[in-house]
Amino acid sequence: MQDFDSRKPLLLLATKNKPAIDISWFEQMKKRVFSFQKYMSLCALGVFILLAACNKIGEKRKRAEGEPLRVLCTTSIAADLAGNIAGGRAQVAGLMGAGTDPHLYKASEGDVIRMAQADIIFYNGLHLEGRMTDIFEKMSARGIPAVALSGGVPKERLLALEGARGVPDPHIWFDVSLWMLAAQTVRDALVEHDPPNALFYRENADKYLKELEALHTYIKTEAEKIPAERRALITAHDAFGYFGRAYGFEVMGLQGISTSAEVGARDVRNLAALIVRRRIPAVFVETSVPPRNIEALQAAVRARGFQVKIGAHLYSDALGLPNTPQGSYIGMARHNIDSIVKAFLDE
Ligand SMILES: [Zn+2]
């Protein structure tokens with residue numbers, strides 16, 4: 001386990017309510033049970049049938065004059081961004097619903113057909129949609145622009161994903177200033193592919209960028225309520241790296257402690273000792289580390305005469321349900337920082 005600065009209490013994140021698929025993906029990466037290259041070739045195999053479906057689709061759809069641009073996004077977070085900038089002038093839809101994990105999302109034949117009927121596709125990129133890369137390439141080859149939202153983020157602002165041989169961390173939306181670059185990518189693509197509405201998209205983008213700027217400031221201001229030396233976060237899922245860098249949290253994945261039963265048990269003990277030593281107030285539930293691991297951790301902490309609470313769950317790779325505060329990117333980001341600050345200040 002990585003050594004921590006022992007002066008800093010840590011906040012722990014656990015996971016709940018999320019398909020274990022995401023966790024296993026990272027475990028596989030970290031354990032190197034099979035290499036990233038093998039993983040990618042398996043993904044390629046997985047989409048083989050879908051690529052055959054692409055070939056059956058026929059010619060690219062011709063958009064009638066005056067017909068709204070059809071925009072198809074992969075994740076709910078990407079669809080929220082495109083929807084804010086398109087502002088009703090384009091038809092925006094997303095493939096993945098609330099709570100859907102993008103890492104191993106497999107496109108159905110229906111998804112491929114929807115993509116083939118779109119005028120433009122927005123996806124996160126950086127292998128977030130690890131099993132769909134070939135489909136994006138296929139769509140681009142058919143003349144349907146597939147635009148990676150991460151495309152406008154300079155390389156030097158990307159974080160490397162541990163154990164993935166130089167593959168960047170795809171979770172760029174956790175740093176709002178990077179998501180502002182994604183917003184500009186969406187704006188520029190909409191302007192390019194729907195010139196009659198260019199001015200409208202630009203004005204919407206300006207408005208939304210101001211909201212994002214305010215959100216960035218809000219998260220910073222809220223984070224500063226926690227003394228800098230105490231701002232620390234351990235997550236089960238490696239999603240919070242950009243968040244940590246942008247808002248001054250020490251971040252570490254819990255992931256490493258559950259790579260095997262034997263090692264996991266030992267690391268739960270080590271982690272429990274660390275929680276007690278540094279008087280960490282809360283374990284945050286993120287998505288789906290099996291509850292028994294968290295219960296084991298809590299029990300191990302209790303056995304040492306200390307209590308660690310489980311805080312509100314945080315959203316990582318998908319928005320909450322539509323028409324809830326967490327159903328938008330801004331609402332989700334506010335929920336996350338509010339939950340973290342509350343866990344620290346309520347101790
Ligand atoms: Zn993720």
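These legends walk through several close-up views of the predicted model shown above.

**Before the views: how to read the model.** Residues are numbered from 1 along each chain as its sequence is written. Because this is a predicted model, local features need pLDDT of at least 70 and side-chain atom pairs count only at pLDDT 80 or more, while totals for chains, interfaces and linings use all residues.

View 1. The protein has 12 helices and nine strands; helices (H or I, at least four residues) and strands (E, at least two) are DSSP runs, numbered from the N terminus. Of its 347 residues, 46% count as buried. Here a residue is buried if 20 or more other C-beta atoms lie within 10 Å of its own, exposed if 12 or fewer, and partly exposed in between, with C-beta atoms placed from the backbone. The mean pLDDT (the predictor's confidence in each residue, from 0 to 100) is 80, and 75% of residues reach 70 or more. Please read residues 1-36 with care: the pLDDT there is below 50, although this stretch has 115 contacts in the model beyond near neighbours in sequence. Two residues are in contact if their C-beta atoms, placed from the backbone, lie within 7 Å. Residues 256-263 also have pLDDT under 50, with 14 contacts beyond four places in sequence.

**View 2. An open parallel sheet of four strands.** The strand order is S3-S2-S4-S5, and the pairing is parallel; two strands pair if DSSP finds at least two bridges between them. Strand S3 (91-94) and strand S5 (146-148) stand at the edges with a single partner strand each, so one side of each has no neighbour in the sheet. From one strand to the next, the twist averages 25°. S2 (residues 70-73) pairs with S4 (residues 120-123) over three bridges, and Cys73 stands opposite Phe122 in S4. Four bridges join S2 to S3, where Leu72 has Ala93 as its bridge partner. S3 has a covered face, Val92 and Gly94, and an uncovered one, Gln91 and Ala93.

**View 3. Helix H4, packed on the sheet.** H4 (residues 76-86) touches S2, S3 and S4, and its direction makes about 170° with that of S3. For such angles, axes are lines fitted to C-alpha atoms, for helices over the stretch in contact, and angles run from 0 to 180 degrees between N-to-C directions. How many residues of H4 are buried? The count is 11 of its 11 residues, including Asp80 and Asn84. Gly87 follows H4 and has a positive phi, near 50°.

View 4. The axes of H7 (residues 176-193) and H8 come within 9 Å and cross at roughly 175°, which makes H7 roughly antiparallel to H8. Angles under 35 degrees count as roughly parallel, over 145 as roughly antiparallel, 65 to 115 as roughly perpendicular and the rest as oblique. Among the residues in this contact are Trp179 and Met180 of H7 and Tyr201 and Leu212 of H8. The contact divides into 14 nonpolar, two polar and two charged residues; Ala, Val, Leu, Ile, Met, Phe, Trp, Tyr, Cys and Pro count as nonpolar, Asp, Glu, Lys and Arg as charged, and the others, Gly among them, as polar. H8 (residues 198-223) and H12 (residues 329-345) have axes that come within 10 Å and cross at roughly 5°, so H8 and H12 are roughly parallel. Residues that meet here include Glu211 and Tyr218 in H8, and Arg334 and Ile337 in H12. By class, this contact has eight nonpolar, no polar and four charged residues.

**View 5. Two loop residues with positive phi.** Most residues other than glycine have a negative phi. Leu126, in the loop between S4 and helix H6 (133-141), has a positive phi near 55°. Asn323, in the loop between strand S9 (309-311) and H12, has a positive phi near 65°. Which of these is buried and which exposed? Leu126 is buried because 20 other C-beta atoms lie within 10 Å, whereas Asn323 counts as exposed because it has 7 C-beta neighbours inside 10 Å.

**View 6. Gly248 and its contacts.** Gly248 lies in the loop between helix H9 (241-247) and strand S7 (250-253). Gly248 is partly exposed, with 14 other C-beta atoms within 10 Å. Leaving aside neighbours within four places in sequence, Gly248 is in contact with Ala223, Ala228 and Arg231. Gly248 and Ala228 are 20 residues apart in sequence and 7.0 Å apart in space, C-alpha to C-alpha.
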